[in-house]
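This report walks through a protein chain and the ligands placed with it, moving from ligand surroundings to domain contacts and then to details of the backbone.

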Amino acid sequence: MELEKVIDENRQGEALLVPGQEGQRKLFLESYGCQMNFSDSEIVASILGQDGFATTKDYREADVIFINTCAIRENAEQRVRNRLNEFKSWKSHKPDLIVGVLGCMAERLKEKFLEEEKIVDIVVGPDAYRDLPQLIGKVQGGHKAVNVILSKEETYADITPVRLDSNGVTAFISIMRGCDNMCSFCVVPFTRGRERSRDPESIVKEAKELFDLGYREVTLLGQNVDSYLWAGGGLKKEILTEEQRAHAVNFAQLLERVALVSPDLRIRFSTSHPKDMTDEVLHTMAKYNNICKYIHLPVQSGSSRMLDIMNRGYDREWYMDRIRAIRRIIPECGISSDIITGFCTEAEEDHQDTLSLMEWSEYDFSYMFAYSERPKTQAARKFTDDVPEEIKKRRLSEVIALQQKLSEKKTKAQVGKVHRVLVEHESKKSDEMWMGRNTQNTVVVFPKEHFKPGDYADVLVERCTATTLIGKAVKN
Ligand code: SAH
Ligand code: SF4
Ligand code: F3S
């Protein structure tokens, strides 16, 4: 899932805890990057839990330290290297300690990681987590261990994730893995491999189990959820016959199946891709109250010329048409975006196109980044990273300032209105307040009264900050 994304910022570097029993081997697992990585860490905890590991929040207690890494931008990788440095001195006190790197940076650097960071014993890519117990055994036998094989089939469909550091209310469900899009700036296709969808039965089953455990919101995860398609085990999207395609389950149909688990289970999803988002998905969202009225629809740039060299598969007009469709079919829908400033050859005029499209789209929220060249990508191979750092940063600050203004306008318009909020956990700022979200994904804070996490409350908004609504519960 980051702006490192907000989720990343909130959870960056957070240790994940499953209480263990005396004498069990202990695992310290730290995750960086997108929601997908946090979701993968829950798979890792499950696989190693089966192998007798309990997780710990204190790395000094751990027999094994794993960092689940992100490679999306240079600074994401730098953060991991800094963290490895911190573990270095600890390992000198504890020579048996095993240190492993998982995830996208592991996949990108492969064996090179072992040469570059001497502290690392294990390197494992996102499709090889079933091999972890064996790889740990190899290290205990005195060897270094690497498995970075990417798979065309692996979806970990049969593995029940261990919900780590959970609030017991909201959970992620991975519905697909990999990405086939090859946006020219992006490293993800290289670190996560080919796109593959997960069996819908296993997704619905996971949602049902979560609901029965008391969870009230699931977020369906994929790099491009609109391209989800399940035609049966082993059947690849590209080679389907007309008939197989007609019988396949698409994203709109999957959404509907999950929505039918219970009207009290909220459904969210991320990420939607403008080139693939269909009206069918929007109509399904409009039809079910429990599908949240919020779409993360990353634009990246407002300039059609930039979108073309970014290889995004749409232009400004197409993107505007998608926003119009959302506003027409789901008028109350919250919309957010991702924006990159200073991509190769970006001129002032392109930047102005981004600002004007943001203004036109009236985003509730955006994740905004300065372009960071990533090895192996099309942009790194074919284009020059020619926008000077200070110009990238200046444009980024303009984009951030505009988004701040747009967000403020959006939240102010909510004052005086009543919002249905799912209570998640205690507010970070006050132990007398709950924090939850409305359907549009805006954070709402209100006095606890008799409510508890997992309850729905109707909250009258009395005031706001740029991104938070503050109010009190009303009787409905
Ligand atoms: N699959 C999602 C994006 C996943 S990566 C999508 O297509 O929308 C999350 C965000 O990181 C991207 O939307 C993009 O805005 C940003 N990003 C990706 N590569 C980047 C790079 N090389 N430099 C800066 N930002 C980048
Ligand atoms: Fe990267 Fe594009 Fe795939 Fe998103 S859709 S993960 S930006 S290649
Ligand atoms: Fe996610 Fe970072 Fe990998 S954004 S897919 S963890 S490169």
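The shell around ligand 3 draws at least three residues from each of domain 1 (9–147) and domain 2 (170–412). This description, like the rest of the report, concerns a predicted model. The residues in question are Cys34, Asn37, Cys70, Ala71, Ile72, Cys104, Val188, Arg192 and Gln223, and by residue class the shell around ligand 3 comprises six nonpolar, two polar and one charged.

The domain assignment of the chain lists, besides domain 1 (9–147) and domain 2 (170–412), a domain 3 that covers 418–473.

## Ligand 2

Which residues surround ligand 2? The shell consists of Cys179, Asn181, Met182, Cys183, Phe185, Cys186, Val188, Pro189, Gln223, His273 and Arg312, and its composition is seven nonpolar, three polar and one charged.

## Ligand 1

Ligand 1 is surrounded by 15 residues, of which the closest are Phe185, Gln223, Gln300, Asp338 and Ser372.

Several side chains place polar atoms beside oxygen atoms of ligand 1. For Asp338, an N or O atom of the side chain is 2.5 Å from an oxygen atom of ligand 1, while for Gln300 the separation between a polar side-chain atom and an oxygen atom of ligand 1 is 2.7 Å.

## The contact between domain 2 and domain 3

The centres of domain 2 and domain 3, taken over C-alpha atoms, are separated by 26 Å. To the contact between them, domain 2 contributes 20 residues and domain 3 contributes 18 residues. Together the two domains bury about 1,300 Å², and 56% of this area is on carbon and sulfur atoms.

What kinds of polar pairing occur across this interface? Zero salt bridges are found between domain 2 and domain 3, whereas nine residue pairs are in polar contact, with both residues at pLDDT 80 or more. On the side of domain 2 that touches domain 3, the elements giving two or more residues are strand S13 (266–270) and helix H16 (389–412), and H16 gives the most, with five residues. That side of domain 2 is made up of six nonpolar, five polar and nine charged residues.

## Salt bridges in the whole structure

Over the whole structure, a search finds 48 salt bridges. One pairs Arg257 with Glu201, whose closest N and O atoms are 3.6 Å apart. Because Arg257 lies in helix H10 (residues 251–259) and Glu201 in helix H8 (residues 200–212), the pair ties together parts that are 56 residues apart in sequence.

## Backbone details

Most peptide bonds are trans, and most residues other than glycine have a negative phi. Against that background, the peptide bond from Ser270 to Thr271 is cis, with omega near 10°, and Thr271 is found in the loop between S13 and helix H11 (279–287). Strand S13 (266–270) is also one of the elements on the side of domain 2 that touches domain 3.

Lys110, which is not a glycine, has a positive phi of about 50°. Lys110 sits in the loop between helix H4 (103–109) and helix H5 (112–116).

Conventions. Residues numbered from 1 in each chain as written. Chains lettered and ligands numbered in written order. Predicted model: local features only at pLDDT ≥ 70, side-chain atom pairs only at ≥ 80, totals over all residues. Heavy atoms only, no water. Near = heavy atom within 4 Å. Nonpolar A, V, L, I, M, F, W, Y, C, P; charged D, E, K, R; others polar. Domains from an automatic or database assignment. Contact = heavy atoms within 4.5 Å. Buried area = accessible area lost by both parts, 1.4 Å probe. Salt bridge = Lys/Arg side-chain N within 4 Å of Asp/Glu carboxyl O. Polar contact = N/O pair within 3.5 Å; in protein donor to acceptor, adjacent residues only side chain to side chain. Helix = DSSP H or I, 4+ residues; strand = E, 2+ residues; numbered from the N terminus.
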